[in-house]
Every structure is written in C-alpha cells, then in structure tokens.
Amino acid sequence: MTSTELSAETALNAEARSVEVIRPGMLTTVQDWPGRTGYWHVGVPPSGPMDDLSFRLGNRVLGNPEGAAGLECTLSGPALRFSAATWVCVTGAPTDVTVNGVRLEQWRTVQIPAGGVLDIGAVRGPGMRCYLLLSGGLQLPEYLGSTATFTLGRFGGSNGNALRAWETLSLGPQRGPIATGVPMGDQPVLTKRWELAVTAGPHGAPEFFTRVDFDTIIGTDYEVHFNSDRTGVRLIGPRPDWARTDGGEAGLHPSNIHDTPYSVGALDFTGDTPILLGPDGPSLGGFVCPITVVAADRWKLGQLTPGDAVRFVPIRSDRAASIRELGAGRRASWPTVLSSGGDADDGVLRRTEVDDETGVTYRRAGDDAVLVEYGTMTLDLALRARVHALHQHLLAASVRGVTELTPGIRSLQIRVDPHILSVSALLDLLAEAEQQLPAVDQLVVPSRTVHLPLSWDDPATREAITRYMHGVRADAPWCPWNIEFIRRMNGLASVADVYDTVFGAEYLVLGLGDVYLGAPVATPTDPRHRLVTTKYNPARTWTPQNAVGIGGAYLCIYGMEGPGGYQFVGRTTQVWNHHAGPLAGRPGADRHPAGAETPWLLRYFDRIRWYPVCADELLDLRADFAAGSVAARAEDGEFRLADYREFLADNNESITEFRAVQATAFAAERNSWQLAGELAAG
C-alpha cells in the first residue's frame, strides 16, 4: 500500500468513527499530554490534563500513545453516542458509568457498540475530575502544536470551548493491542486529605518568609477554597508574618517581587493568599513562591476538591519520583509522602559573582527547573540586559534537555527534562555560559515604537472594581478608584498628573505573558515616569480582557479575562492575534522563520506609546482587531544600553528629586496600611 493510499484509508477510518455529544457535562474539555509546550515565554500555558496520571494510564491500556487526545470531565461527565464500535476507558475520580443503561466499572476497558450511548454521571468523590480515553484518540486540529483546550484563551479542543450538545468529534484509527484495564497497583489513591511532595524555592526563607512562616507552610493542613479551577487551586490557611516590610519598587506588600517566571505547581502567595498554580495558570507574575510541587505529584492538583485538606511535605529534589513513570515508580498508590526531609538549602542552589557589581543566584523552581536571578531586588535595565544575553546564548546553543526558556525582569527560568539534563549538569553549563556572555554595555537590540490606543478609566475597568467591591472586599485602600490610589501613592497633585504621566511615558517591554497570551510587562524608560503602586490583596477574580494596569513600577496589558491585581488606568486593543497562522519554533524563542506570523503582537524591548481614545472608539477598534484587521502603527528602532545609561547620568538630579517625592508618599501610604492592619506586624 502506497503512502497516499495509507493516508486515504486513515482519513476514511477517522471519518467513519466519531462521537456525538448528547449531553456535554458540567465542564468537559479535550486535552492531550503534555499539552502546548514551548510557548511559556509568551504566556501560553501548557494546559493538558490536570491529572496527567489518570489520563495517561487510560491511554496506555487502550494501546494509544500516552498523550493521545481524550476528555477531561470536571464534576460531571458527558453522554456520548458512538458511530462505530470503539474501545474506551474511564479513569480518575469515582463516577457512575453506563453503556446503554448497563453499569460499567471504571479503570477497565470496554467496547462501546455502534450506536451505543456512553453516559458518565456526576463525580462522587474523592477527587473532582474523571477522564474518558478512546482508542485512536480524538482527532482535532492542533493550535500551536496541541489539541489541548485552553478555554480562557479560546483555542484548542472544540473551537476553544468546553464540549457543547450535538457537536460531533472525530476519532483517530484504532491501534491496539487493548489491555483489560489499569492494574489496581497502578491506580492512584484519591483521598480527602492530601500530602504533596514539594521542594523548597524559588523564594523562601529567610529572604522573603521568616523561618516560622516556612515551618508553618509545611506544618499546616491547608483547606481547598471553593474558588479554584484549572488556573490555580486557592487555599485557606494562616497568614505569613513575612521577612520583609514591603516589596520596594515591586509593590507595597511584602509578597511583591519584580515579575518572574512561574512554575506549574508553585505555591504562589498573591498577597497573603496562597494559590497552587495549575496547568492553565500564568507564566509570569510578581508574587513570591516559597515551595513547588514536584512534577510527579502535580497530578494531585487535578483532584483537589473544595473542603479537602492539603499538607506539603518537603523532599530532596534528587529523590523525587519521575513523571515518566506510570506504575509503582510514580508512588501514586501511596496515601502519604515518605520523606526524611528536604534539601535544607532554602531553595538556593548556588550564588556567585558575575562581575564586581553584579551577583547571580541560582534558585530551585521545582525538581525540573532553575531560576537564574541577577543582582539585587531592584529595577535595573542592566540586569534585564544580562538576562537577555543569557537567553540568547542558550537559544543559540540549543542545549539538549532544555524544554523552556522564559525571561522575567531580572531572571531567566530554565526548564529541563531531568532524564536528559540534570539540574547539577545545568548549573555547570550555566557557569560556563557566564564566561562567554558579552558585557551588558554592549547590548544593542531591535526596539520598535508601537503606538496603541488607551481608553482612560474605561467603563470595563470600572465594572471590574465594582465587582471586586461587591464580591471580594469593599474596604480596600485602592477602592473605589484605582487612579486616585495611584495619585496618592506617588505624591502627585491631581489625577490629571497621573493621566499626563502615563500618556507622556515610553514603556519598554521587558517580558511577555503577564498576564497571558503575549501580554507585556513594561516599565517607563524615563524613571520620572515610573508610577509605583501595589497590587490587589486579595487579587481580583475578574479582569476585563486587555485592561491596562500598573503594579509596582510596571505596566501590563491583560491578555484575556481572568484574575488580576494591577491597579487599572484603562483599556486597550488586543495583543494576541487569533488569526495568525501556525508556528514551529524553538522553545523560548521570540522570533520565528522568515514569513511566519506570530500570534503575539509585541516583542521584547518594544517601546509602547499610548494615544487617547474614548470608550466607544476603543470598542470599534477592538471589533476590527477581532475580525482580523490588525493595524498597530510601529516604527523600527534600536535600544542601546550604553546610550540609556548616558541619559540617566545626564538627568540624575531631576530623577533623584522625583524619586524622593515618590518615596515620601510611598512611606506615608505604607504607614497608613500598617495602622489599618493591612500589613502583618513584625
């Protein structure tokens, strides 16, 4: 049989086998494993099954590749009609499964007859997600290399949505051989009290948390909050005392840091609220993470249910189970985490000096990543230049085993496959790399000036503040008007001064993906335009797409609807183009082959300039963008660090005066917070 004939037969097979959705379930999505990798640096999360273990076990017994596309069912499952005889396996949390009304056992393979109806009922618990795997897997178009559904980003799966009634999903060719089911010894243990294996870092004690704080984190049974989803599992627990009084230029709260790459499974303290970041979570943010769940234990995040208890158990990173394992080596059939203790290094792997002025700290970010941090906790574009040099060096080297490269403000996260490149080998490689990097003064990078519209104090952002006051807290210092709060924190005479400062500034893009989908984190090139604020605590549960906010000394554009914490100044047009064609590039690369159009509008070191529009005009511009008419005006240019340093020296006196006024207002606001109990004493 020729390759053409084989392709034709495969296509016919896929067309002949399909499933029709009779009832979609509460939240049923198409997922594949490991999901959408290689785009963390522009704010695209991996997605994929939240409980990868149950998902992959089901695929394995059906003779599928472990990552073949299947269905994730949250709280309740779908009813599906099959056009042809198809083998399936339902795994994950306990639920009622029937075929044509006859009850079936989970974790066993069963053949659905042609015309048969598979019905997956409500999840009984423990756990909250079950999985349907099908022989041949679901066959759907890929987006950025994966069929995994990211509903917030509106891509993957079934047109970016959860399943809907009466749609039809195609199946791939059956492969075989089919096993009878998943052995009992391989099935994960689900419970109401969970122990999660964690490693210390990247930002723990004593730098960011007190020793008592850290002991509390690993010695407390946290409770899972009802407001949890695939982006993150919110927890209820004790409030830290904190090792710092504030976050300096990063924000008023001691949880605030200069935006840094996150890891899936990190415990992210958004203010005083801990959140375990999930597979649909953000790639970049400005909050500290004291511990990270090891890769092999992250499946448990998908089964954490509101009201469950969670205990974090420190382990040594070199003794973590392998995520490649699906059997006994995964240790998922154990109800507890056996450990004699953690690494006892506070998550700091190594410290050294780059030169006479700059140090570098290598921090653990789980058992599969290292966070490289340059300098002290300050906003210094020379540090971002150093990050850029290392990022470009590693991209050019194409190091085998490096799976993601994600830059932050003064940091670079390097994610690895530990089976190919160990963390210790990576550290040696990074030490060698430092000797080969150019001096930061030599940094010259392309830097476009991109002109974007800004609807000042937009009605959508006003609505978000109102929702926050009604649903989260009404007494926050930044309510009812974020712009007035920004004025107060920076010692400005009027809100008109805030307006003039924002529209007069030139914002240099330092990172992408804060928050999500190419959304920039940027700071004014002129320090006299750097308005400093703090972030919401607790964070908002809803932010309108493309809201523009300030947090710390940074401005961001929210790439999509979702949670958020930056103080609003307005709203702009989209920064992600869903109409762009498919891409194929190196993990962590900002550029693609000539002619390839990237979905993300902005690039590192672009300079954003705002021009004012009214709310109605913005809605028209947004409609044009959504229809595929992307027409942001951009002018080519360069950013030279040596020239920038000369500018700072020439304007040092007025910059110092501006910062003094700002520091006085910042201190006054902090004192008022302390008196009001907004900050922990200590």
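This is a predicted model: local features need pLDDT of at least 70, side-chain atom pairs count only at pLDDT 80 or more; totals for chains, interfaces and linings use all residues.
Let's start with the whole chain. The protein chain has 11 helices and 37 strands. How does its radius of gyration compare with the globule rule? The radius is 25 Å, close to the 26 Å that the rule gives for 682 residues, so the chain is as compact as a globular protein of that length. Along the principal axes, the C-alpha atoms fill a box of roughly 80 × 55 × 55 Å.

Of the 682 residues, 59% are buried. The accessible surface comes to about 25,200 Å². Carbon and sulfur atoms hold 52% of that surface.

Next, contacts along the sequence. Residues 24 or more positions apart account for 74% of them.

And charge. There are 59 positive and 78 negative side chains. The centres of the two sets lie 4 Å apart.

Let's zoom in on helix α2, residues 52–61. How many of its 10 residues are buried? Nine of them are, so to speak, under cover. Among them are Leu-53, Phe-55, Leu-57 and Val-61. What do the buried residues of α2 pack against? Five strands: β2, β3, β5, β8 and β10.

Just after the helix comes Gly-63, with a positive phi of about 80°.

On to helix α7, residues 482–490. This helix is mostly covered as well: seven of its nine residues are buried. The buried set includes Ile-483, Phe-485, Ile-486 and Met-489. Asn-482, Arg-487 and Asn-490 are buried too. The packing partners are strands β27 and β34, plus helices α6, α8 and α11. Just after α7, Gly-491 takes a positive phi of about 70°.

First up, Thr-406. It is found in strand β24, residues 402–407. Is Thr-406 buried or exposed? Its relative accessible area is 1%, and buried means under 20%, so Thr-406 is buried. Leaving aside neighbours within four places in sequence, its contacts include Trp-40, His-41 and Pro-261. Ser-411, Leu-412 and Gln-413 are also in contact with Thr-406.

Next, Asn-546. Where is Asn-546 placed? Find the loop between β30 and β31. Asn-546 is buried, with a relative accessible area of 0%. Its side chain makes a polar contact with the side chain of Arg-622, at 2.6 Å. Beyond its neighbours within four places in sequence, Asn-546 is in contact with residues including Tyr-558, Arg-571, Gln-574 and Val-575.

Last, Cys-556. This residue is found in strand β32, residues 554–557. Cys-556 is buried, with a relative accessible area of 0%. How far apart are Cys-556 and Ala-539? In sequence, 17 residues; in space, 15 Å, C-alpha to C-alpha. Not counting residues up to four places away, Cys-556 touches Asp-514, Pro-520, Ala-547, Val-548, Gly-549 and Tyr-566.

That's the tour. Thank you.

Key. Residues are numbered from 1 along each chain as its sequence is written. Side-chain values use heavy atoms; hydrogens and water are left out. Helices (H or I, at least four residues) and strands (E, at least two) are DSSP runs, numbered from the N terminus. The radius of gyration is taken over C-alpha atoms; the globule rule is 2.2 Å times the number of residues to the power 0.38. Buried means under 20% relative accessible area, exposed over 50%, partly exposed in between (1.4 Å probe, protein chains only). Contact means heavy atoms within 4.5 Å. Accessible areas come from the Shrake-Rupley method with a 1.4 Å probe; for residues, only the protein chains shown count as cover. Lys and Arg count as positive and Asp and Glu as negative; His and the chain ends are not counted. The place of a charge is taken as NZ of Lys, CZ of Arg, CG of Asp or CD of Glu. A polar contact is a pair of N or O atoms within 3.5 Å; within protein, one must be able to donate a hydrogen and the other to accept it, and residues adjacent in sequence count only if both atoms are side-chain atoms.
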